[in-house]
Amino acid sequence: MFELSLMCPEDRIEAVSDALDALDALSVSVEDADAQTDAEQALFGEPGMPPPKDGWQRSRVVALFPTADAAQEAQQLLTVQDFFEGCQVLGVAEVPEQDWVRLTQSQFAPVDITPDFWIVPTWHELPPQAVRSIRLDPGLAFGTGTHPTTRMCLRWIARNGTVAADGSSSLGRVLDYGCGSGILAIGAAKFGAVDIDAVDIDLAAVESTMQNAQANGVQLKAGLPDKAHGEYQTVLANILATPLRVLAPLLCSHVAAGGHLVLAGILERQADELKEAYAPWLQLQVADSEDGWILMTASR
């Protein structure tokens with residue numbers, strides 16, 4: 001396969017991308033040309049919502065073609081179009097053959113949540129300092145421990161999950177709402193929780209959660225959202241701000257007296273709107289922050 005790489009200003013990205021699609025590109029990606037530099041721009045969006053921008057002020061547009069001839073033909077056709085003004089061809093290059101499985105694995109190293117609590121892919125050895133660990137591989141469901149929202153939730157679990165002499169956990173009965181890979185539910189189990197419900201609207205996430213729980217030797221119940229019932233000492237929801245607003249009355253109804261609500265998937269600028277959405281039931285506060293994301297918690 002061959003990549004055609006272009007440099008485009010923000011106002012040309014949509015037209016160029018549409019043209020590449022029409023020219024039968026196998027894929028088209030848009031990247032910040034200034035990524036990993038001081039000029040890098042952070043753009044945040046949410047699924048189902050319009051993107052905040054079509055791209056960056058300086059965007060690298062990369063189109064994948066099956067042959068060099070197809071890539072060269074696309075280049076020639078694009079450069080004579082009026083909408084290509086201000087754009088630049090960076091070149092056509094062959095995509096080298098690679099062991100994609102090995103390459104993917106190399107991108108996922110062990111992640112430290114606390115100095116002694118780690119998320120470790122199955123192909124890595126456990127770090128010697130890992131007193132507790134979750135074995136988790138990238139899959140179809142969200143949650144590998146690399147995203148700030150997941151790390152903050154797991155940090156909260158690690159800081160607040162204590163096991164008493166009788167074996168009971170301070171986390172009590174736990175609900176992981178929107179469980180994805182099940183990583184938060186598994187994390188709660190690692191800190192002593194034994195009555196755990198993990199629910200998601202995606203059946204693939206439910207299956208992933210059950211498989212990951214089995215691989216980590218923990219017990220939990222996974223299913224669709226109607227499996228959540230009653231009150232919980234700990235309610236975890238790492239989703240996104242828009243569904244969290246909609247779910248406010250439901251999630252609050254599951255928090256037991258003396259219990260905790262832990263929410264993630266929220267950008268710093270969304271804190272006030274989440275506080276307002278939950279105000280009729282609970283008083284949310286910012287408990288942690290990382291890379292523009294925040295963790296919000298409340299107690300009943």
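A residue counts as buried when its relative accessible area is under 20%. In this predicted model, Asp-288 has a relative accessible area of 14% and is therefore buried.

Asp-288 has its place in strand β13. The side chain of Asp-288 is joined to that of Arg-155 by a polar contact of 3.0 Å. Beyond its neighbours within four places in sequence, Asp-288 is in contact with Met-152, Arg-155, Arg-159, Trp-293, Ile-294 and Leu-295.

The strand that holds Asp-288, β13, belongs to an open sheet of seven strands with mixed pairing, in the order β10-β9-β8-β11-β12-β14-β13. Strands β10 (221-223) and β13 (285-290) form the edges, each pairing on one side only. On average, neighbouring strands of the sheet are turned by 15° against each other, direction ignored. Helix α9, residues 271-278, packs on this sheet and touches β12, β13 and β14. The direction of α9 makes about 150° with that of β12. Strands β12 and β14 run antiparallel and are joined by six bridges. Leu-261, for its part, has Ala-298 in β14 as its bridge partner.

The nonpolar residues may be considered next. In soluble globular proteins, nonpolar side chains tend to be buried together. The largest nonpolar core in this structure has 35 residues. Those with the most contacts inside this core are Ile-119, Ile-134, Leu-154, Ile-157, Leu-171, Ile-196 and Leu-220. At least two residues of the core come from each of β5 (111-114), β6 (117-120), α4 (148-160), α5 (183-190), β9 (196-199), β12 (255-267) and β14 (293-299). Another core, of 25 residues, lies apart from the largest one and includes Tyr-177, Cys-252, Val-255 and Leu-282. Returning to Leu-171, its contacts, leaving aside neighbours within four places in sequence, are with Trp-156, Ile-157, Asn-160, Gly-161, Ala-188, Phe-191, Ala-193, Gln-233 and Thr-234.

The cysteines remain to be described. A disulfide is a covalent bond between the sulfur atoms of two cysteines. The structure holds zero disulfides. Is Cys-8 buried or exposed? With 1% relative accessibility, Cys-8 counts as buried. Cys-153 is also buried, its relative accessible area being 0%.

Key
Residues numbered from 1 in each chain as written. Predicted model: local features only at pLDDT ≥ 70, side-chain atom pairs only at ≥ 80, totals over all residues. Heavy atoms only, no water. Disulfide = S-S within 2.5 Å. Buried < 20%, exposed > 50% of the residue type's maximum accessible area, 1.4 Å probe, protein only. Core = buried A, V, L, I, M, F, W, Y, C linked by side-chain atoms within 4.5 Å. Helix = DSSP H or I, 4+ residues; strand = E, 2+ residues; numbered from the N terminus. Contact = heavy atoms within 4.5 Å. Pairing = 2+ DSSP bridges. Axes fitted to C-alpha atoms, helices over the stretch in contact; angles between N-to-C directions. Polar contact = N/O pair within 3.5 Å; in protein donor to acceptor, adjacent residues only side chain to side chain.
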